[in-house]
Amino acid sequence: MTPLFETYFSLVRAALWHEPVYWPDEQTEDLLWLNAQQGTGPLVFPPVLEQQTLSSYARAQMKSVCVSTIQNQVPLQHTLEKAWKAMTKTGIRPVLMKGAGLAALYPEPHFRTWGDIDLYVGPEQYHPACAAMRATFPAALKFDEELDHYKHYNLIADGISIEIHRVTVSLQHPRDERLYARMEREGMVKAEEIDVNGLKVLVPEPTFNALFVFLHSWEHMLSAGANIRQLCDLALLLHHYAGRIDAPRLKKYLRALHLMDVWQIYAFILAERLGLPAQEALFYMPEVAQRAERLIEDLLSGKLVESKTKSIAHNSRLTRKWHTMRSRFANAERIKRYSPSYARHMNATTLLHGALRFFAKDRHWE
């Protein structure tokens, strides 16, 4: 771990756990860039701004980020309230995912950025919920089709993206998809009420929410779009619900989805780099240290790049499918650096998923 990365993590840890913080001015540009890339600026900057020795340049940059973050929350909160009340008024039971629900776990909720609104409604309420949102926001931009195999329907209302989720995560292996659907159902049926700036909303039950927040981050790792803020979300969720998360059930979930090894890598990072108490970093294992450090180094240095084969324009459906398969195998090879066991599962999934999609009668247009 480079000295810059060590300093970065010391700042994030201090902000998460209300510890004394010190910002070295000689690293200002690099640290500002890292916080911007990793989505942690609004978390780190408020306590740093209390540092008397901070340079005027660093202070101005941090204030700008904090002010814009707070300003952005106003239209988001307004749109969330409007969407939530419209759905519940028509008898739909949404569950708030990510964003504002996770912000409530932070020391200063208004400094946890969230740029869109994710509402889970499930397969049964999916079409009525989409219709309710179109009626509530008639001038909204609509660019997603309301298809039953899509993860969510999306519209832009008052400049805010609203995603109506049929499912929370898309998994390609049919067995994974079936198992996860049962986990999702249980987690959403037992959703719990919290207060988000005066609005009573439902969020997923803690054990399932831990699985979902982890899976959401891992999805982004697979596509090279992850950041440290997502790991902060998981750390605070595990801390906030310590003692309430059903560890045996979570372990069962992770093993069923071939993700225990990946979770242990995350748990190591949460404990060793983000300061989560080891007893709260469920299934923590020091044996994964080398692979965990490799993942975090690649993430911070920008080397976590999704492997893709060269794009080929071709009218042949078989050629397009072969190109997609090669690209997915290349991505599994990248993931092998961190979790060889999950890379093997990725390859098995690619073969099965590719075969099922190729012979599906209703998908020949792809």
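Biologist: How many residues does helix H1 have, and how far does it reach from its first C-alpha to its last?
Modeller: Bearing in mind that this is a predicted model, helix H1 covers residues 3-17, which gives it 15 residues, and it reaches 21 Å from its first C-alpha to its last, close to the 21 Å expected at 1.5 Å a residue.

Biologist: How many residues of H1 are buried?
Modeller: Of the 15 residues of H1, 11 are buried, so the helix is largely enclosed by the rest of the structure. Among them are Leu 4, Phe 5, Tyr 8, Phe 9 and Trp 17.

Biologist: And what do those buried residues pack against?
Modeller: The buried residues of H1 pack against helix H2 (28-38) and helix H3 (41-48), and also against helix H9 (228-240) and helix H12 (289-301).

Biologist: Which residue just after H1 takes a positive phi?
Modeller: That is His 18, whose phi is about 60°.

Biologist: Changing topic, how many aromatic pairs does the structure hold?
Modeller: There are 9 aromatic pairs in the structure. In one of them, the rings of Trp 218 and Tyr 266 have their centres 6.4 Å apart and their planes at 75°, so this pair is edge-to-face.

Biologist: How many disulfides does a search of the whole structure find?
Modeller: The search finds 0 disulfides. The sulfur of Cys 66 has its closest cysteine sulfur in Cys 232, and at 15 Å that is too far for a bond.

Biologist: Are those two cysteines buried or exposed?
Modeller: Cys 66 counts as buried because its relative accessibility is 6%, and Cys 232 counts as buried as well, at 0% relative accessibility.

Biologist: Last topic, which strand holds Leu 199?
Modeller: Leu 199 lies in strand E7 (residues 199-203), and because its relative accessibility is 8%, Leu 199 counts as buried.

Biologist: What is Leu 199 in contact with, leaving aside its neighbours within four places in sequence?
Modeller: With those neighbours left aside, Leu 199 is in contact with Gln 77, Leu 80, Glu 81, Trp 84, Lys 85 and Ile 194. As for Leu 80, it is 119 residues from Leu 199 in sequence, while the two are 9.0 Å apart in space, C-alpha to C-alpha.

Note on methods: Residues are numbered from 1 along each chain as its sequence is written. This is a predicted model: local features need pLDDT of at least 70, side-chain atom pairs count only at pLDDT 80 or more; totals for chains, interfaces and linings use all residues. Side-chain values use heavy atoms; hydrogens and water are left out. Rings of Phe, Tyr and Trp (its six-membered ring) pair if their centres lie within 6.5 Å; planes under 30 degrees apart count as stacked, over 60 as edge-to-face and the rest as tilted. Helices (H or I, at least four residues) and strands (E, at least two) are DSSP runs, numbered from the N terminus. The expected span of a helix is 1.5 Å times one less than its number of residues. Buried means under 20% relative accessible area, exposed over 50%, partly exposed in between (1.4 Å probe, protein chains only). Contact means heavy atoms within 4.5 Å. A disulfide is a pair of cysteine sulfur atoms within 2.5 Å.
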